[in-house]
Amino acid sequence: MSHPGGGRGDRLEQADHTWGSRVNYGSNDNQNSPLHLAAIKGNIEMCSLLLKFGAKRYVTNHINRTAAQMAAENGHFHCAAMINNFVPQEEVRYYTLPEFTGAEPKLPPELEGIFYRFIMMTNIHPVKVVFELPPVFLVNDNALKIVNVLQLMSKRQFYKKEECPSTVEMLSFKFHYLATILFELAKPNDDTSKKQTDPKDVFIQKISTVENYLQQFLYECIVKFCPKDTTLFRKMVSYMVQGMDSLPPLDIILLLVGNKRAQSVESTAEPSPTCAACDEINPSKKCPKCKAVQYCNRECLKIHSVMHKKKCKQIRKEIKDLKSSEETSALAKCLSKIGIK
């Protein structure tokens with residue numbers, strides 16, 4: 001799977017020369033396609049190149065595993081998430097072309113690249129989505145245009161008959177979900193003051209300070225997803241109606257659609273630590289009080305502080321009780337050695 005160095009164009013040319021029409025063909029005994037081999041190694045860049053050259057994620061090997069499943073089973077969860085979330089850029093470009101001469105395209109051509117990068121994101125935690133949302137999306141009527149394109153893309157997924165139904169449903173919900181968040185941000189501000197406020201800041205503020213705002217928002221997002229006869233929708237509903245064992249909507253979305261989806265398979269690899277605010281992997285900071293919860297940066301710590309306050313106090317109490325218990329046990333051992341009980 002190693003190839004000569006060089007620019008992206010060189011690697012594309014090398015991939016085309018090496019595999020060509022055999023990009024979905026498994027020539028070894030295990031029937032692993034080139035995409036399988038790259039996924040097993042966790043080579044995200046090569047997987048991306050192969051997908052752009054026409055590799056099909058639904059192709060299976062001799063044990064009936066897709067490339068994404070092989071990546072996850074080998075602990076390469078990011079690689080699996082990238083494969084599951086891949087969308088050919090031609091599907092976005094389609095909306096930048098006018099339906100007929102003189103018509104306005106559904107998506108402004110200048111937004112094609114930035115929109116494509118946005119929908120390819122694998123961490124769809126609402127806080128991360130808002131952080132990554134390009135400001136230009138909220139300029140003029142861009143938001144409504146993008147919401148419309150996302151809704152069309154959501155519906156169009158079900159025309160992909162060759163794709164695995166679970167992938168179709170996952171991508172359909174993802175586009176519906178991104179459209180729901182963007183539509184919420186684009187709504188007129190309720191603030192009656194003349195001071196201009198950033199819609200992204202308003203949304204984050206609600207998440208941080210309004211109790212159950214995020215869970216209610218995501219609950220409505222799930223309920224509004226159509227069609228209702230999909231396996232994904234039925235799973236989401238079943239997770240919400242399990243009584244004491246019910247999962248909150250955010251956990252359900254991250255588990256069935258987001259970056260935790262790939263981690264649901266059996267694997268010996270330990271998942272990487274994640275930020276408590278935005279779910280990004282390998283956060284660099286910790287809560288200054290309990291030291292048990294991790295964050296990407298000060299902004300994430302600030303966002304999560306209100307929600308974490310009660311838990312933080314509980315963690316600190318548990319740590320204090322544990323230390324007290326250990327100290328008592330150590331003292332008892334010392335006294336026992338000198339004959340004092």
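What share of the contacts in the protein with a separation of 6 or more comes from residues 24 or more positions apart? The share is 59%. Contact here means heavy atoms within 4.5 Å.

## Model and overall build

This is a predicted model: local features need pLDDT of at least 70, side-chain atom pairs count only at pLDDT 80 or more, and totals for chains, interfaces and linings use all residues. Residues are numbered from 1 along each chain as its sequence is written, and side-chain values use heavy atoms, with hydrogens and water left out.

The protein has 15 helices and two strands. Both are DSSP runs numbered from the N terminus: helices are H or I with at least four residues, strands are E with at least two. Of the 341 residues, 40% count as buried. Buried means under 20% relative accessible area, exposed means over 50%, and partly exposed lies in between (1.4 Å probe, protein chains only).

## Nonpolar core

The largest nonpolar core holds 85 residues. Such a core is a set of buried Ala, Val, Leu, Ile, Met, Phe, Trp, Tyr and Cys residues joined through side-chain atoms within 4.5 Å. Ile83, Phe115, Ile119, Phe173 and Tyr177 touch the most other members. Helix α10 (residues 165-186) gives the most to this core, with ten residues.

Tyr177 has contacts beyond its neighbours within four places in sequence. They are Ile124, His125, Pro126, Val129, Leu218, Cys221 and Ile253.

## Two buried residues

Tyr95 sits in the loop between α6 (89-93) and α7 (112-119). Tyr95 counts as buried because its relative accessible area is 5%. Not counting residues up to four places away in sequence, Tyr95 touches Pro105, Lys106, Leu107, Val149, Leu152, Met153 and Arg156. Tyr95 and Met153 are 58 residues apart in sequence, with 9.5 Å from C-alpha to C-alpha.

Lys128 lies in helix α8 (residues 126-132). Its relative accessibility is 16%, so Lys128 counts as buried. Lys128 touches Met121, Asn123, Cys278 and Glu280, with residues up to four places away in sequence not counted.

## Largest pocket

The largest pocket has a volume of about 690 Å³. Of its 26 lining residues, Leu214, Gln215, Leu250, His304 and Met307 are the closest to its centre. A pocket is an open set of points on a 1 Å grid over the protein atoms alone, where a 1.4 Å probe fits, with protein on both sides within 12 Å along at least five of seven lines; lining residues have an atom within 4 Å of a point. α15 gives the most to the lining, with five residues. By class, the lining has 15 nonpolar, seven polar and four charged residues. Nonpolar covers Ala, Val, Leu, Ile, Met, Phe, Trp, Tyr, Cys and Pro; charged covers Asp, Glu, Lys and Arg; the others, Gly among them, are polar.

How values were computed:
Grid points are joined across faces, edges and corners, and a volume is the space filled by probe spheres set on the points.
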